[in-house]
Amino acid sequence: MASDSNSSESQRIAQQRLRIIAGHLQKHKDDDSGTIATECKAEANKGTVPRKRQEIMKWNGWGYSDSKFLFNKKGQAEFTGKRYRLSGMVLPSLQDWFENTFGASVNHKSPATPALNASAVPPASLNEAFVEDLKATGIPFSHEAEDRVFRAHGHCLHEIFALREGKKFERVPDMVVWPNCHNDVVKIVELACKHNVCLIPYGGGTSVTSALECPPEETRCIVSLDTSQMNRILWIDEKNLVAHVEAGIIGQDLERLLNESGYCTGHEPDSMEFSSLGGWVATRASGMKKNVYGNIEDLVIHLKVVTPRGVIEKSCQGPRMSTGPDIHHFILGSEGTLGVVTEVTMKIRPIPEYQKYGSVVFPNFEAGVACLREVAKQRCAPASIRLMDNEQFQFGKSSFKTLPFHLCKGIYIFKGFDPHQLVVATLLFEGDRERVLQHEKQVYDIAATFGGLAAGEDNGQRGYILTFVIAYLRDLGMDYYVVAESFETSVPWDRVLDLCRNVKERINRECKERGVQFQPLTSCRVTQTYDAGACVYFYFAFNYRGLADPVHTYERVEHAAREEILANGGSLSHHHGVGKLRKEWMKESISSLGVGMLQSVKDYVDPDNIFGNRNLL
Amino acid sequence: SVSSSFPFSLLDPMLKRDCFEDILEERRNSSDLKYALRCYAPVLYKGVTPCKANMLKNIVLQSDQLHYVINQVSQESGEAPDIIQEEASVILEEMAHRLQISTVRCFAFALSKAFKTLFQHVCVNEEGIQRLQQAIQEHPVVLLPSHRSYMDFLLMSYILYTYDLALPVIAAGMDFMGMKFVGEMLRMSGAFFIRRSFGGDKLYWAVFSEYVKTMLRNGFAPIEFFLEGTRSRTCKSLTPKLGLLNIVIEPFFKGEVFDVNLVPVSISYERILEESLYARELLGVPKPKESTSGLLKARRILSEDYGSIHVYFGQPVSVRSLAQGKVNRSTYNLFPRHIPRKPMEETQSFVNDTAYRIVRLQEDNMVLKPWVLMASLLLQNLEGLELSVLTEQTVWLRGLALSYAAFLDWPDQAPTAKVVSSSLALHRGLACVSGDRVSLVVGEPLGPVTPEEALFNRAVSVLSCASYRNQVLHVFLRPAMLAVAMLHLSDEVYNCFSFLWDMFSNDFILCPGDTVQDFEEACYLLVKTGAVQMPQQDIVMTDIGQPTLSFFNGLLEPFLQGYQVVCRYLCEEASEGLTEKQYIPAVRSFAVKLILAGNLRCYEVLSSDMQKNALAALLRMDAVRKVKVADQVTLIVNKMAVNSIDDILGKNRMISHINQTPISPSLSLVAVAEDLYRDGLTPSYIR
């Protein structure tokens with residue numbers, strides 16, 4: 001009896017304490033004036049991306065349907081649409097550059113198939129029981145061919161080339177679902193486990209690692225889980241400067257919405273118009289302005305991830321923890337193999353008071369790299385600092401030559417420099433005005449010691465304008481027998497020059513050996529600086545006339561280029577990820593023990609391989 | 001199908017060698033002065049501007065690599081870094097070339113005159129020159145000529161100047177520096193000088209390797225050095241030295257250059273200027289210290305006819321392609337590149353393998369004159385042969401050599417008798433015709449001579465003659481070893497072959513690990529010429545194969561005998577505390593005794609080269625060990641092991657019956673061959 005009364009007493013006390021704690025929590029949530037909370041599903045969808053992506057985006061190329069480069073009747077290049085600063089403009093000298101660089105001609109067209117041939121799409125093999133249960137949840141889904149094909153690819157060259165050629169995809173998702181919030185995802189994942197359905201998360205679709213490709217050997221029903229409708233900012237915490245955001249939001253919406261409240265994340269990958277927050281987490285994305293704001297792993301405070309084993313999240317938002325290996329790092333870079341990132345709490349910053357572009361011309365690439373290295377050493381990198389090689393300088397020069405907004409005049413004053421050697425660094429400073437100006441001076445002073453000459457704000461700005469339209473250029477090239485792709489790596493400082501030179505040379509040689517008839521364009525730029533190294537980005541394009549299988553040729557060359565990168569001390573990837581494109585090098589990169597560690601996490605979290613995109617491992 | 005696995009042009013049916021052009025022809029028809037003063041504007045690697053010698057020194061002295069070692073040495077020695085830096089600067093000063101075009105022009109003029117007097121032709125394969133020109137523009141180039149004469153590097157620069165190619169910088173031994181004036185002249189024509197040994201000297205090594213690498217990385221000039229390390233006194237290729245090759249290959253592994261092209265160059269002399277000098281040197285007359293006056297005395301040679309020189313620039317070998325799949329460059333990713341590091345095992349074996357392959361490529365493109373074949377025959381008939389027999393056998397041997405893809409320069413238009421007689425005329429110092437008998441010339445005795453002196457004189461002509469036979473050995477080596485294995489040695493043929501292969505791998509260029517491949521090549525070649533048949537797993541000599549196998553056996557006989565004499569000496573005569581220094585004179589006097597007693601007819605064993613190689617083989621096979629006692633290196637002989645090696649070498653052979661009347665080798669050979677043939681050969685020849 002005594003023990004009974006004892007136990008009921010202790011229960012009573014415990015319950016009371018729970019009530020008090022719950023009260024605190026309640027109060028915290030309701031009363032905190034710094035928090036702007038948004039109820040799930042309460043608001044109408046404010047996002048840019050509709051469920052039917054093909055309504056506004058190209059089904060077989062980059063970006064918006066209304067924006068593209070073309071050569072008009074006079075043979076002059078134009079950029080259509082109204083969305084970009086370049087939109088509606090004529091770029092008269094682009095044709096010369098294009099024809100001279102690639103040996104291409106505006107008279108030799110290689111047009112794309114005009115529309116998707118729905119009958120060439122493999123029929124959907126649906127898991128009826130799953131569909132039944134899904135219907136009951138009310139979560140929207142589709143098994144229309146257009147929707148399925150749109151989610152069967154990213155933006156690798158071979159993927160876009162196949163779409164343009166109207167080639168049949170071996171395997172595409174059997175259906176697409178559009179969860180609206182975290183709980184929808186929980187339900188979908190539960191049903192997928194219950195019915196043994198394969199799930200492939202889909203964010204912005206900008207992958208360039210074959211990560212979205214369906215494994216051809218997958219016999220189960222494949223469901224593409226499109227997160228695009230989970231695009232709300234749930235709350236903003238101004239005291240801690242964090243925002244809690246649904247992971248399907250795309251970069252441009254996130255920035256726009258935060259800007260409305262006076263904030264930004266500062267995370268600006270080149271794909272930010274289309275790529276999603278969840279995708280950034282899943283691939284370890286890096287933004288242009290990481291020097292100020294950090295890369296995605298620096299920005300993430302808290303993650304909510306739905307896995308076949310349940311939901312993973314941490315219990316608090318402490319800014320740093322020593323609680324064993326950081327479980328966020330199992331998720332960051334997991335490339336959709338473990339689950340779906342549904343909500344992210346990430347750092348935000350007040351919109352900077354002042355922004356200033358800048359540019360510096362160096363006599364050659366070596367001097368430019370030496371300067372960036374020094375800037376990194378002194379830890380005074382601007383928000384963004386990028387060094388373009390001479391090939392990119394030549395391109396920039398020609399594409400902007402006679403533009404009305406006269407961005408280029410500065411360059412030509414530097415008589416002392418060899419125009420076939422000189423390179424340009426573009427800069428972006430952010431902060432309060434006084435500090436920006438101070439910072440600017442510091443950087444220009446360093447540049448001067450390496451023979452760098454300030455080349456004006458306009459030249460800097462146009463470099464960044466090009467960033468967003470450059471992806472559209474590939475589609476133009478493909479209209480005229482030119483294939484192009486980019487790839488990246490990170491490398492210690494002392495190896496940057498050697499790596500750039502050797503990779504370019506390797507590409508040129510491989511092209512020659514593989515029968516490419518025209519000199520390829522190989523170009524690189526240093527896009528990020530770190531204490532111990534840099535991120536290097538390569539562009540590679542060639543005229544494929546005369547080649548039987550240009551995509552295969554291209555892939556062999558890229559493969560060789562990657563081997564060269566690895567042999568020269570470069571990493572497998574700085575921010576694009578591994579996907580299926582670079583899986584073969586994972587063991588070499590992180591050791592077989594490392595692969596085993598990742599595999600054991602996968603085996604624990606997803607024993608039935610529900611997240612079966614087969615990336616990474 | 002067998003041949004497809006061989007890496008060398010040797011067996012390539014498509015083998016086509018370039019044609020030669022005589023560069024002296026133009027020199028005989030136009031002004032040497034104009035030639036020396038003509039416009040010289042070579043194209044460099046990727047169009048770099050040539051680097052002034054002083055600037056080069058500065059780059060080296062300021063390099064991270066050197067700074068690292070300077071600090072390291074400073075810490076170890078307690079000396080201030082400035083002082084070490086100063087030392088480095090002095091080393092560099094002593095080492096560095098001071099290439100000046102004016103000096104090269106002087107040489108161009110003087111050499112034109114000299115070459116026209118000494119040689120009939122200086123022939124160069126112009127296609128090779130074109131390939132080289134292309135290579136120089138695309139990659140850092142390393143020129144790797146064979147080394148038979150002092151002439152080699154002057155000749156190389158002369159040719160490159162002639163064809164308006166970038167002049168090389170040449171690694172030369174410090175001994176040249178003894179010749180004050182000439183040393184400086186060579187320096188100004190592109191030579192840089194390295195000490196012969198600097199084993200433990202970190203600073204020296206750092207300066208040296210950084211100096212070479214700086215030139216290579218920037219492509220300032222092609223780098224030239226001799227893989228063989230020194231002039232071959234025997235005209236056999238020497239086993240390669242790896243130090244410099246390691247240095248020039250490393251920048252590729254570290255990603256500092258995209259590729260390095262190695263260009264093997266084969267320089268073949270019809271008559272070598274140093275011919276009898278080498279023979280004397282091998283017999284124990286010490287090498288004269290290089291001195292200017294010595295070189296001037298060499299003027300005597302200007303009155304002689306030295307025939308032709310052929311210089312063949314081989315296909316550039318891309319280090320990148322060679323290393324593909326063999327060396328994982330990313331293993332260099334985890335260590336700072338400016339810190340010197342011993343090459344990894346994988347790299348070491350790659351460099352070693354590459355070195356051997358390059359030397360084999362040099363061998364492949366060595367031009368052989370008819371005399372080389374005649375010398376091989378004469379050496380097997382020291383008593384001399386009838387001219388008609390010699391002619392007949394030379395023609396036979398020519399056929400054999402050609403079917404083994406030897407690079408034979410045989411004047412096609414001339415009748416055979418003419419070819420033979422003009423060869424004999426050119427080499428009248430070595431062979432003479434009296435009546436219709438051809439025999440080796442033995443130095444005329446001036447007054448009375450001791451038996452030792454007579455023996456010595458005979459040995460000089462045998463060794464001189466052997467230096468010509470040696471030139472053809474690489475063509476016949478593998479089938480010859482197989483022939484010996486078949487004829488002399490019992491047990492399984494492959495095991496015997498493998499034993500010989502291992503035994504002789506200091507004397508000949510046998511790429512490490514290629515035993516099986518070489519064996520297959522040997523089988524293929526012998527089958528190809530009908531000397532053997534291979535029904536199923538057997539190797540059987542054919543009726544028509546007898547002369548071939550017998551010739552091959554005779555070809556290697558001096559080596560087998562020589563090694564056996566060494567074994568005998570070590571087992572029977574060597575005293576307990578035999579030092580390394582005593583070894584050569586002791587073996588020599590042992591052999592002299594045997595020859596004088598009429599128990600040995602092999603003079604080649606008197607060659608210090610063979611003695612050294614035999615010792616190296618025994619050391620490698622653990623039959624002899626070196627022990628360092630005080631300042632002396634003592635040789636500890638494992639008599640059991642040496643004895644058993646002797647046994648294998650000597651089975652059924654003359655040397656094992658040392659006290660009996662020697663039989664002529666070819667007779668004993670036939671007897672043994674018949675024995676073996678009757679008994680049949682062991683079917684499975686591969687372990």
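Q: What does buried mean for a residue here?
A: Buried means under 20% relative accessible area. The model is predicted, and of the 687 residues of chain B, 56% count as buried.

Q: How many helices and strands in chain B?
A: Chain B comes to 26 helices and 16 strands.

Q: And its contacts, what share join residues at least 24 apart?
A: Among chain B contacts between residues at least 6 apart in sequence, the share is 78%.

Q: Which residues have the most contacts inside the largest nonpolar core?
A: Those are B:F119, B:F192, B:F208, B:F225, B:L245 and B:F313, in a core of 114 residues.

Q: Take B:F208. What is it in contact with?
A: Leaving aside neighbours within four places in sequence, B:F208 is in contact with B:M95, B:F192, B:I194, B:F198, B:L244 and B:I247. There is also a second, separate core of 112 residues, which includes B:A401, B:L560, B:A591 and B:A614.

Q: What lines the second largest cavity?
A: It is lined by 20 residues, and B:R148, B:C235, B:M366, B:N470 and B:Q471 lie nearest its centre. Strand 7 (261-269) and helix 19 (451-488) of chain B are the elements that give two or more residues to this lining. Helix 19 of chain B provides the largest share, five residues.

Q: And by class, how many nonpolar, polar and charged?
A: The lining of the second largest cavity has eleven nonpolar, five polar and four charged residues.

Q: Back to B:C235. Where is it, and is it buried or exposed?
A: B:C235 is in the loop between strand 6 (223-224) and helix 11 (243-253) of chain B. B:C235 counts as buried because its relative accessibility is 6%, under the 20% cut-off. Its phi is positive, about 70°, although B:C235 is not a glycine.

Q: What about A:Y481, what is its phi?
A: Phi of A:Y481 is near 65°, again a positive value in a residue other than glycine. A:Y481 sits in the loop between helix 15 and strand 20 (482-492) of chain A. With a relative accessible area of 26%, A:Y481 is partly exposed.

Q: What does A:R474 touch?
A: Not counting residues up to four places away in sequence, A:R474 touches A:H155, A:C156, A:L157, A:I160, A:A484 and A:E485.

Q: Where is A:H182, and what does it touch?
A: A:H182 is in helix 6 (residues 182-195) of chain A. A:H182 is buried, with a relative accessible area of 8%. Beyond residues up to four places away in sequence, the residues that A:H182 touches include A:M230, A:E246, A:K304 and A:T342.

Q: Last one, B:T162. How far is it from B:E281?
A: B:T162 and B:E281 are 34 Å apart in space, C-alpha to C-alpha, and 119 residues apart in sequence. B:T162 is in helix 8 (residues 151-162) of chain B and is partly exposed at 21% relative accessibility. Leaving aside neighbours within four places in sequence, B:T162 is in contact with B:I23, B:Y35 and B:R38.

Notes:
Residues are numbered from 1 along each chain as its sequence is written. Chains are lettered from A and ligands numbered from 1 in the order in which they are written. This is a predicted model: local features need pLDDT of at least 70, side-chain atom pairs count only at pLDDT 80 or more; totals for chains, interfaces and linings use all residues. Side-chain values use heavy atoms; hydrogens and water are left out. Helices (H or I, at least four residues) and strands (E, at least two) are DSSP runs, numbered from the N terminus. Buried means under 20% relative accessible area, exposed over 50%, partly exposed in between (1.4 Å probe, protein chains only). Contact means heavy atoms within 4.5 Å. A nonpolar core is a set of buried Ala, Val, Leu, Ile, Met, Phe, Trp, Tyr and Cys residues joined through side-chain atoms within 4.5 Å. On a 1 Å grid over the protein atoms alone, a cavity is a set of points where a 1.4 Å probe fits but cannot get out, and a pocket is an open set with protein on both sides within 12 Å along at least five of seven lines; lining residues have an atom within 4 Å of a point. Ala, Val, Leu, Ile, Met, Phe, Trp, Tyr, Cys and Pro count as nonpolar, Asp, Glu, Lys and Arg as charged, and the others, Gly among them, as polar.
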